[in-house]
Amino acid sequence: MRSHAQAVVIGGGLIGCSILYHLAKLGWTEIVLLERDELTSGSTWHAAANIHGLHDSTNISRLQHYTMALYKELEAETGQGCGIFQPGSLYLAQTQEREHQLRLQEAKARRYAMNFYEVSRGEAEKLHPLVDFSGIRCIMFEPEGGNVDPSGVTAAYAAGARQRGAEIHRFTPVTGTEAQPDGSWIVRTPKGDIRSQWIVNAAGLWAREVAAMAGLSLPLMPTEHQYFVTQTIPEIAALDRRLPSVADRDGEYYLRQEGLGLLVGAYERDMRFWAEEGTPANFGHELFPDDLTRIEDNMMRAIERVPVLGSTGIRRVINGPMIWSPDSAVLFGPVPEMKNYFCCNGIIPGFSQSGGMGKLAAEWMIEGEPSLDMFAWDLARFGAWADKAFTKARVRDQYGHRFKIHFPNEERSAGRPVRTRPAYAMQQDMGAVFGLNFGWEHPLWFAAEGEPREETAGFTRQNWWEPVGREARMLREHAGIIDISNFAKYEVTGPGAQAWLDALFANRMPDRTGQIRLTPLIGRRGGVAGDFTVARLADDSYMVFGSGMAERYHQRFFNAVPLPEGTLFRSMTQALCGFSVAGPKARALLQGLTFEDLSNGSFPFMQARHLNLAGIEVVALRVSFTGDLGWELHCRTGDQEALYRALLAAGKELGAGPVGARAMTSLRIEKGYGSWGREYSPEYWPQESGLARLIKLDKGEFLNRDAYVAIAGNTARDRLVTLAIETEDADATGGEPVFLPDGTPLGQVSSGSYGYWVGQSLALAYVKADLAQPGDVVTVAILGTSRKARILAEPAFDPGGERLRS
């Protein structure tokens, strides 16, 4: 066994072997995989191993298609069979909402030339004569759908890795992992120790235990999961082909052929947790006792859809463990608080995603960043606030509603609230409907007296559409008060503060007190890893503001630039709260609370200072994410409620009131402002996002400057534009494909909303720079149906910025 390695992968299941294979494929050969038992122990060996390509997330769809294509390449490369069956998959919609979901996925498939299309009932009956398609509104077919052999795929990954020089050691448990001062790790085993540059935790059911060796806690919880395989069905035995699988998610079961029978699995509401306090060390290839009564309702729905199931016997039942994250997506990426510790844990559709995860993991470790923006998978989306109680509540919800549609803008209530601020109870009393942002509750919109305080969810406009419009129009006409406490806030002080900020960010930092600068953060491939507001409050004192949901994500970048001696950097997100006061009467509202001059001459746009408002000390920034006249005000958390009351009281006389995050989204889109995680992403270059003007190459070195220089002269591949869309009952939300009128794929929506002030459904979208120009007519697939849209030459609201600077 090697004594030194570039990476040690802990866990010999499907995912561990895929990561090992892809590390080797990308050029690392001094790599080792350690497995406590036999390969596939834990969850891999008993998986149903279905494969499918389509997902609501475009990038995940791309990775799943990569995975499906990879299996045949693995077989050819290694000679190890993967047991690939691809008779296709039928996707059924019983409800209008499911039909909307499938039609949107079909539109995304057209954009990326993926094989997924609608078939008629007659065509579907020929494909699968055992299914009763009564009551089905829409049927989609994916010809490459099917299943693989769990052991075969895992063995193929292992064989491919060995062929490239990787070592695999079975029956070699890891007994300890110890961080070293240089960022490397010592991995302890009974067979000897390995010093490794990287550790990869791919330990599956034992991910929590392996993480604990390094002092890390992961939000994971195992459950039982059952499926059964029937005896031989004569109608199947008489066929000369394999039947396609059936995805009847409204029926809450999955079904495919297995041998000459059928395999049926379910995610029941009466679910069971397992090993809550820790996975037993001696667990391997065991299963749990059968308990089919728990999935009886799901079984009856499957029998109704495939009647032959009701007259056949059950050959075997599989009841085995799975381990889940709070949102059922993988915990993926380097741990921000550690050096060179990579996680890939909590994978549910592993056989559809294994290749993509392995590829991205290898890119991240070897090249410093994955080729696709996968923040939806990044473990940094959770913090310490995602404790056991939250994790358990969310896993219960995710398991029991596995096939429920995740609607745009939907906020699920399980496990909440987790973190609240002092004004939370007051906002509840005011009719606030809350959303979740990195564990924090924040107001989405405010219900008036008599209006429901629970929102509905769907693809069309919901019950919050009118209240949000009321708030947006109030702000544009008078003023609005928006809780922005969930913005990430940082303090940088000391003699090296400016030098450190200049070494981190791409723009020049403020060189005089009171100045504000907007700046991108550049990723390892030259894309936009973040956008920040930096305010200089004194000679050696700065405040930095960024995306709240990305605070842990951005920690990786902050840690990459050493702090100068005597310089302090600290997060102030919990210590400070904030409000945005914006609208044409914002100045009048605030002027009534302070003796200081807030006139444009005294307090111009893009300036910051300390203010006393109603006896409360605040840091005030003359900026506004709404695109209107406004200030952002940040106070001590203990002062939040008092400041809120003062602002609301002053605003009432002016026709102003509380405004939620949904209205702010509408307002920023009217103005054409991008948002991190939507428009600003490592996948897009600054010249595509409209941020290149904020990058100053002549200022000297900054983080990933060389990466930007390498792409700075390239012609933009895509261009961020605003679209005005002709639609009546639904708006774009993000991810909808954009096409030219002749059907040529053009791009996709990054954000969308109705523009209440301009009276137009709007979207921000990336379109191919060489295929469309301002004024051109395009189509957007809203609800999966083509809607005419026009590319605007300028933002829909105040394109000259007169109100912003007034």
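In the predicted model, Glu441 is buried, with a relative accessible area of 7% (buried means under 20% relative accessible area, exposed over 50%, and partly exposed in between, with a 1.4 Å probe and protein chains only). The model is a prediction in which local features need pLDDT of at least 70 and side-chain atom pairs count only at pLDDT 80 or more, whereas totals for chains, interfaces and linings use all residues. Residues are numbered from 1 along each chain as its sequence is written, and side-chain values use heavy atoms, with hydrogens and water left out.

Glu441 forms a salt bridge with Arg416, with 2.8 Å between the closest N and O atoms, a salt bridge being a side-chain nitrogen of Lys or Arg within 4 Å of a carboxyl oxygen of Asp or Glu. This pair links distant parts of the chain, since Glu441 lies in strand β20 (residues 440-446) and Arg416 in the loop between α10 (388-400) and α11 (424-429), 25 residues apart; helices (H or I, at least four residues) and strands (E, at least two) are DSSP runs, numbered from the N terminus. Arg416 also forms a salt bridge with Glu411, for which the closest N and O atoms are 3.8 Å apart, and Glu411 is partly exposed at a relative accessible area of 28%.

A further salt bridge joins the side chains of Glu491 and Arg570 at 2.7 Å, N to O, and connects distant parts of the chain, namely strand β22 (residues 488-493) with Glu491 and strand β26 (residues 568-571) with Arg570, 79 residues apart. Glu491 counts as buried at 16% relative accessibility, while Arg570, at 40%, counts as partly exposed.

The structure holds 47 salt bridges, and a network of such bridges links Glu99, Arg103, Glu118 and Arg137.
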